[in-house]
Amino acid sequence: MVYLDKFELMDEEGNPEFVQKIKRAYSADDRFPLGFFPAKGLKQLDFETVTIFYGGNGSGKSTLLNLIALKFGFLRHASAALSRSFLTYSDACNARHGKSLPPGSSMLTSEDVFKNIFSAREKNLDIDERKDLEEEFFDYGSFDYQFEGFENAHLVSKNLAKQRYVEKKAGIKQRQFSNGESAMQFFKSEIQPKTLYLLDEPENSMSPKFQLDLKTLLENKARYDGCQFIIATHSPFILAIADAKVYNLDAKPVTVEKWYNLKNIRAYYDFFTKYHDLFNLGDYDSGTGKFKKRK
């Protein structure tokens with residue numbers, strides 16, 4: 001499903017007066033992204049169900065997502081450090097979409113994932129601290145079994161009573177997952193059907209296995225749940241999402257390319273091709289010092 005069809009960056013050549021207005025109003029450090037995209041020959045973005053911005057650090061991937069997010073007032077969890085003229089620049093951009101973009105459309109960043117992970121850890125640490133206090137209160141206070149709801153007080157051991165009392169007062173800790181598992185849970189809970197999402201390097205904190213899991217999740221959400229994704233990434237796994245349109249922001253002018261033709265992705269291919277024979281040896285058995293053929 002395509003909700004956002006097109007995004008036209010501010011026409012700097014056609015609006016010299018507006019450009020001068022920005023230059024007069026803001027210092028050189030606060031004018032970004034003025035002049036950045038014309039130098040890349042990028043004027044317009046045309047979107048598919050899945051569109052990907054690929055490029056190295058400083059290529060403009062996140063900048064484009066932030067311009068779109070500001071243009072439509074998308075919800076976002078993490079704040080962004082933007083120049084003072086960023087909103088002015090965003091307002092001068094044009095976009096084409098349906099009657100209205102889906103409610104709940106938002107921008108999800110790697111910072112959101114980390115914040116979610118750290119929030120769970122902080123809650124558990126807080127529970128640990130409160131447990132210590134409640135256990136001390138239980139040990140040295142006067143505990144009223146009947147008041148706490150133990151109908152058969154004579155059958156309740158002191159240890160069990162203490163455990164239930166502390167859990168009731170301090171709370172129960174959340175189960176701790178790895179960063180990759182936590183990230184997958186975050187995206188599964190956040191991504192809703194028939195919605196447009198801007199994803200800024202969602203693969204951060206994920207191992208290759210979880211990046212592949214995320215690739216599958218996004219493909220299914222796009223194919224079966226009517227979602228549209230605009231993604232900034234340099235992960236080869238996310239780039240390989242089926243039928244994704246890939247903008248190469250490292251190219252001048254910016255080009256649309258197949259993911260497997262991108263320079264850095266070809267570097268992966270060349271590296272593993274070089275060691276192709278090692279992968280065909282099988283699994284190394286440290287006990288025998290030999291390779292076993294895979295079944």
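In which strand is Asp200 found? Asp200 belongs to strand β7, where helices (H or I, at least four residues) and strands (E, at least two) are DSSP runs numbered from the N terminus. The model is a predicted one, in which local features need pLDDT of at least 70 and side-chain atom pairs count only at pLDDT 80 or more, whereas totals for chains, interfaces and linings use all residues. Residues are numbered from 1 along each chain as its sequence is written, and side-chain values use heavy atoms, with hydrogens and water left out.

The protein chain contains 10 helices and 12 strands. Of its 295 residues, 39% count as buried, a class defined by a relative accessible area under 20%, with exposed meaning over 50% and partly exposed the range in between (1.4 Å probe, protein chains only). The chain exposes about 17,600 Å², of which carbon and sulfur atoms supply 50%; accessible areas come from the Shrake-Rupley method with a 1.4 Å probe, and for residues only the protein chains shown count as cover. Among contacts (heavy atoms within 4.5 Å) between residues at least 6 apart in sequence, 72% join residues at least 24 apart.

Asp200 is buried, with a relative accessible area of 10%. When neighbours within four places in sequence are left aside, Asp200 is in contact with Ser62, Leu65, Met107, Leu108, Thr109, Ser110 and Ala232. Strands β6 and β7 run parallel and are joined by 4 bridges, two strands being taken to pair if DSSP finds at least two bridges between them. Within this pairing, Met107 stands opposite Leu198 of β7.

A separate description applies to the open sheet of 3 strands, which has the order β2-β1-β5 with antiparallel pairing. Its edge strands are β2 (44-46) and β5 (94-97), each of which pairs on one side only, and the twist averages 10° from one strand to the next. Strands β1 and β2 run antiparallel and are joined by 3 bridges, with Gln44 in β2 as the bridge partner of Glu8. Strands β1 and β5 pair in the antiparallel sense over 4 bridges, and here Leu4 stands opposite His97 in β5. Helix α2 lies across β1, β2 and β5 and runs at about 105° to β1, where axes are lines fitted to C-alpha atoms (for helices over the stretch in contact) and angles run from 0 to 180 degrees between N-to-C directions.

Beyond its neighbours within four places in sequence, Phe53 is in contact with Leu45, Phe47, Lys61, Leu64, Leu65, Ile230, Ile231, Ala232, Thr233, Tyr247 and Leu249. In soluble globular proteins, nonpolar side chains tend to be buried together.

Cys227 is buried, with a relative accessible area of 0%, and Cys93 is likewise buried at 0%. The structure holds 0 disulfides, a disulfide being a pair of cysteine sulfur atoms within 2.5 Å. Pro193, placed in the loop between α6 (179-190) and β7, counts as partly exposed at 43% relative accessibility. Although Pro193 and Cys227 are 34 residues apart in sequence, their C-alpha atoms are 5.8 Å apart in space. Apart from neighbours within four places in sequence, Pro193 is in contact with Asp225 and Cys227.
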